[in-house]
Amino acid sequence: MNVIRAIQLYIDKMITDAGPGMKMLMMDGETISIVSMAFAQSEMLQKEVFLFERIDSARSNERLKYLKCIVFIRPTRDNVLRLQRELRSPKYGSYYINFSNIIPRTDIKALAESDESESVREVKEIYADYLPVNPNLFSLHIPTCLQALNWNPDALERSTQGLVSVLLSFKFRPAIRFRAGSTVAQTLAKKVHETINKETALFSFRPPEDGAAPPLLLILDRRDDPITPLLNQWTYQAMVHELLTIKKQRVELSGVSGVPKDLKEVVLSTEQDEFYANNLYANFGEIATTIKVLMDEYQKKAHDQRKIESIADMKNFVETYPQFRKMSGTVTKHLVLISELSVQVGRQQLFEVSELEQEIACRADHSTQLQRVKRLVADGKLGAVNALRLVLLYAMRYERHANCDTLGLLKLLQERGGRSHIVPRMLEYISTVARQELFNTVKITDAVKLTRNLIKELKGVENVYAQHECVLKGTLEEVVKGRPLDAQYPIMGNEVPFRRPPAEVIVFIIGGATYEEALAVHRYNQEGCRIVLGGTTIHNSGSFIEEVLAATTGVPFKHSRSLQQFHQAPAGSA
């Protein structure tokens, strides 16, 4: 189960089916990202794809009849209309049309009627309608998906299409489970279930043999775990996303002082960068050691390159130069990234902040933690963003504590110009399930959970910066060990639950996944599981806070009435 490989196979087939010869690739705003996250432009050139064009951009009237046009677009109404206009006045010799998802027959008929010159050679559906981030992680790039804590209709439709595409690309007809108590999870599960039943021909895959359980699609709700996206991270990929932001495999470094011109934007792809692929989940300390080893290796090769004393040396230099140059680029890129991460860690006092975040998230010690939060929030050296995160974590953990002083912290935050109005919004965003289970405020009656919590407390902590375990980790443990799921994760439809654990699992988080959760999935996969994680987007703390603001717009304040003076954003802020 590798989402990058699944996308690559579809794109390879799409190009191969167009036959030999010079080709151009026509895409839309979303499919261009799907292709670029699976292949480098140089790899596309090797496949005889020499031109790239957006279907929604202005086109010239120049006729290029010697080129084959491979069309790869989403099956939206706007794209179909644009393609109809293209076919009425064809610019290229022949068209090979590929839709990234299921296309209605009425749209195919409309395209056929527009193709008066009979330029279209084939029309196909290829189920590559999601962004492959890591081999075990995909995103639909929907920055905000809820409004008034219910689905935004466009986001619901896009999420349904994305999940159907993932299922078809792996040839799965799954059992569908959703988080009990989450209306949005139930709605999405129902929509996916209806699509599978409607498209029976597409989902007529051979059932699992020997009574094995079918694959599982597990739909979760971000509102059940608003803690994970707020915490500072200490593994490489997660740190880069938290401190610098990864957007469709690209990191913008133009704001970093002293960065060379060619590194103002860098690409981080597990397919194109071996060092990155090998160190995605390495912690900050390990990365510094690993880059030193890479530097030493590079310097040794650079020294060897200077020793050109014979024709044989020259020949060897020419043969190894491309790899040497690639290695040079890799070393420089990661040195710049790691140096900037190190600067940010010092500037933002992240060791102290992260330790306190982890303490609040993992154990109750109200008076000590309140004093530490107060001291840091009042400290002018601490950035407003980190101060806000500490107050958010405190407000959620101690919401029902007799001596809760969220009001006092908000006053401190407001005095220093922080976005204090976000805290009441977060208290409206957090789900009932999270309120009951996240901080163990309700007496645990489940013996397994109680035992697990006791063991965790007795074990102590190996790393104070990695104490927290995301909710997903515990959920996956229930799944892979075959424990009963019906109470917490009801099954959609009339399917009889299987006692055996599923061999393949696709998890989808409404409201966005995180790289910490991708790490949890990676660790289970290392143990032999086959799990893929997806989300409406991939969050860092900043994007998650924006998601919370969008999701709670128009929601009445029920849980934060005592914070009424902070309900509205100050004039001029958002």
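Predicted model: local features only at pLDDT ≥ 70, side-chain atom pairs only at ≥ 80, totals over all residues.
Colleague: Which residues are the closest to the centre of the largest cavity, and which elements give two or more residues to its lining?

Modeller: The largest cavity is lined by 13 residues, of which Gln-233, Glu-242, Thr-514, His-539 and Asn-540 are the closest to its centre. Helix H8 (236-243) and helix H20 (515-526) are the elements that give two or more residues to this lining, and H8 gives the most, with three residues. Sorted by class, the lining of the largest cavity has seven polar, four nonpolar and two charged residues.

Colleague: What lines the second largest cavity?

Modeller: The second largest cavity, with a volume of about 40 Å³, is lined by Val-133, Asn-134, Gln-237, Ile-246, Gln-249, Leu-268, Tyr-276 and Tyr-515. By class, that lining divides into five nonpolar and three polar residues, with no charged ones.

Colleague: Turning to helix packing, at what angle do helix H6 and helix H7 pack?

Modeller: One reads the angle together with the distance between the axes. Helix H6 (residues 153-169) and helix H7 (residues 183-198) pack at an angle of about 55 degrees, with their axes 10 Å apart, and H6 and H7 are therefore oblique to each other. The crossing of H6 and H7 is right-handed.

Colleague: Which residues of H6 and H7 meet?

Modeller: From H6 come Leu-156, Ser-159, Thr-160, Leu-163, Val-164 and Leu-167, and these meet Thr-187, Leu-188, Lys-191, Val-192, Thr-195 and Ile-196 of H7. The contact of H6 with H7 has, by class, seven nonpolar, four polar and one charged residues.

Colleague: How would you read the packing of H19 and H20, where the axes cross at roughly 30 degrees?

Modeller: The axes of helix H19 (residues 471-480) and H20 come within 9 Å and cross at roughly 30 degrees. Angles under 35 degrees count as roughly parallel, so H19 is roughly parallel to H20. H19 passes H20 in a right-handed crossing. In their contact, Leu-472, Lys-473, Leu-476, Glu-477 and Val-480 of H19 meet Glu-517, Ala-520, Val-521 and Tyr-524 of H20, and by class this contact has six nonpolar, no polar and three charged residues.

Terms used: Residues numbered from 1 in each chain as written. Heavy atoms only, no water. 1 Å grid on protein atoms, 1.4 Å probe; cavity = no way out; pocket = protein on both sides within 12 Å on 5 of 7 lines; lining within 4 Å. Helix = DSSP H or I, 4+ residues; strand = E, 2+ residues; numbered from the N terminus. Nonpolar A, V, L, I, M, F, W, Y, C, P; charged D, E, K, R; others polar. Points joined across faces, edges and corners; volume = space filled by probe spheres on them. Axes fitted to C-alpha atoms, helices over the stretch in contact; angles between N-to-C directions. Parallel < 35°, antiparallel > 145°, perpendicular 65-115°, else oblique. Left-handed = near helix turned anticlockwise from the far one by under 90°. Contact = heavy atoms within 4.5 Å.
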